[in-house]
Amino acid sequence: MRTSDLEGTGGIRVFERLAPETGVTVQARRADDLYRQATILHSEVAEHRRDLGVAELEDATIAHAKTDVTTLLADLRSLGISWRQIASAVRVSVPAIQKWRRGEGVSPANHVALAKLRGLIDLLSARSIDDPVSWLEMPVGLDVKLSRLDLLSAQRTDLVLELAGDEYSTVSLEPLLDRFDPDWRSKYRDDAFETFRDAEGIVGIRPRA
Amino acid sequence: MTATLETPADPSDLYLARGDECEGFALRPAFTGDVLQVGSQIFQLVQHPCAMRRGSELVERQVASEVERSPTPKDWARGNYKRAFLPNMEGQELAARFDLLEILTLDQIEGAQRIAILSQYGVNLLMQRWVYHNARVIVPTGTFNDALAGPYEEADLVGDLMMDLVESGATRADSSKAIEGWLSENDHERRRRLETPQFRSTVRRDMSHLGDQWLSDQGLR
């Protein structure tokens with residue numbers, strides 16, 4: 001494009017913006033470079049964030065491990081978490097939880113596991129999650145039949161921490177789920193059926209439209 | 001999602017309680033999947049939780065499958081579609097027979113000894129096999145979970161709160177009436193909230209406060 005073709009049209013000013021001192025190509029290469037640096041930086045910061053999250057959780061666990069099991073259980077319950085969910089997160093049966101509530105023996109490992117669960121809820125609150133238990137119960141994504149609590153029960157606290165405090169949605173869900181289970185698309189999604197509320201107000205199941 | 005009948009990775013995943021463990025859930029409402037000793041026979045309740053009830057009351061006649069000894073296959077997707085397996089039941093391998101149905105009365109159910117209560121996953125798997133037996137349609141257990149989570153949560157909460165209230169000196173009848181009244185308020189709003197993951201924790205917290213407040217009002221705390 002020659003400047004003379006644009007004379008009087010205002011195009012000269014546009015052309016000048018398109019052809020600054022460094023040129024389009026150079027700007028594009030500079031943008032590429034910045035993108036690569038930002039990607040590397042994002043990856044390093046994400047890893048650092050993960051490590052700090054684990055360290056923070058360890059500190060919170062140590063703090064809560066000083067509390068006796070009966071009090072920890074009552075505390076967790078008052079936060080709205082169910083006995084089943086506690087049992088699943090700590091990988092014991094609900095009858096075992098019932099025994100602990102009655103003051104029967106708890107192994108040190110299980111005591112720490114309860115403290116870790118309690119500590120995690122503190123961390124989630126600190127990351128501006130208003131109702132951590134509700135947040136844990138909700139599915140990780142639309143049409144994915146997997147909750148954050150399920151990730152916890154599968155001992156993937158690391159993934160839960162990664163999702164927490166992600167109010168800008170920078171965590172890409174699919175790669176995260178790929179790390180959890182490469183077969184998640186076939187195991188945790190149902191493309192054939194959906195739930196709905198019928199005329200009697202009961203939740204039913206029907207084929208997807 | 002994979003369109004095959006599912007096999008549990010671990011038999012213990014099917015159960016909330018077995019044998020003596022069921023005593024800790026004595027006040028939990030009867031629910032889909034409950035395994036009952038009725039006299040010398042064993043049955044499993046197989047209807048959808050909402051089909052078992054009219055409102056919150058159990059209907060007078062409940063469909064149940066006879067339970068008998070039966071080896072548990074490695075792959076639950078290949079055949080044996082008339083059975084719902086109950087592996088590792090106090091040292092026995094059992095199965096409910098969908099082709100041997102019985103109608104149990106309320107008296108029989110109330111007089112029965114509950115020898116197993118299924119987990120949420122166990123109920124989902126039972127429903128998957130029951131639906132496949134009756135209609136040759138495979139619905140993933142995850143979808144059953146979405147549909148049945150509300151009633152299962154309600155059974156959990158009612159059982160827990162009933163236990164707390166009765167252990168504090170309340171009668172079963174008064175406790176049951178108080179809990180039912182609370183869940184039914186505002187056109188069953190809290191019951192509906194239990195169907196949504198986002199609101200369940202709120203209902204649980206509120207139910208815990210209900211228990212404390214009610215006991216205080218009754219002069220039991």
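Okay, let's start where the two chains meet: 33 residues of chain A are in contact with 34 residues of chain B. Before I go on, keep in mind that this is a predicted model.

So, how much area do chain A and chain B bury between them? About 2,600 Å², and 53% of it is on carbon and sulfur atoms.

Between chain A and chain B we count 8 salt bridges. One to look at on your screen joins the side chains of A:Arg84 and B:Asp156, at 2.3 Å from N to O.

Which elements of chain A give two or more residues to the side that touches chain B? Helices 3, 4, 5, 7 and 11 are there, along with strands 1 and 2. Helix 5 of chain A brings the largest share, with 4 residues. If you sort that side of chain A by residue type, you get 13 nonpolar, 12 charged and 8 polar.

Now let's hop over to one residue in chain B. B:Arg129 sits in helix 2, which runs over residues 120-135. What about a salt bridge for this one? B:Arg129 is buried and has none. Its nearest side chain of opposite charge is B:Asp75, 7.5 Å away.

Definitions and conventions:
Residues numbered from 1 in each chain as written. Chains lettered and ligands numbered in written order. Predicted model: local features only at pLDDT ≥ 70, side-chain atom pairs only at ≥ 80, totals over all residues. Heavy atoms only, no water. Buried < 20%, exposed > 50% of the residue type's maximum accessible area, 1.4 Å probe, protein only. Lys, Arg positive; Asp, Glu negative; His and termini not counted. Salt bridge = Lys/Arg side-chain N within 4 Å of Asp/Glu carboxyl O. Contact = heavy atoms within 4.5 Å. Buried area = accessible area lost by both parts, 1.4 Å probe. Nonpolar A, V, L, I, M, F, W, Y, C, P; charged D, E, K, R; others polar.
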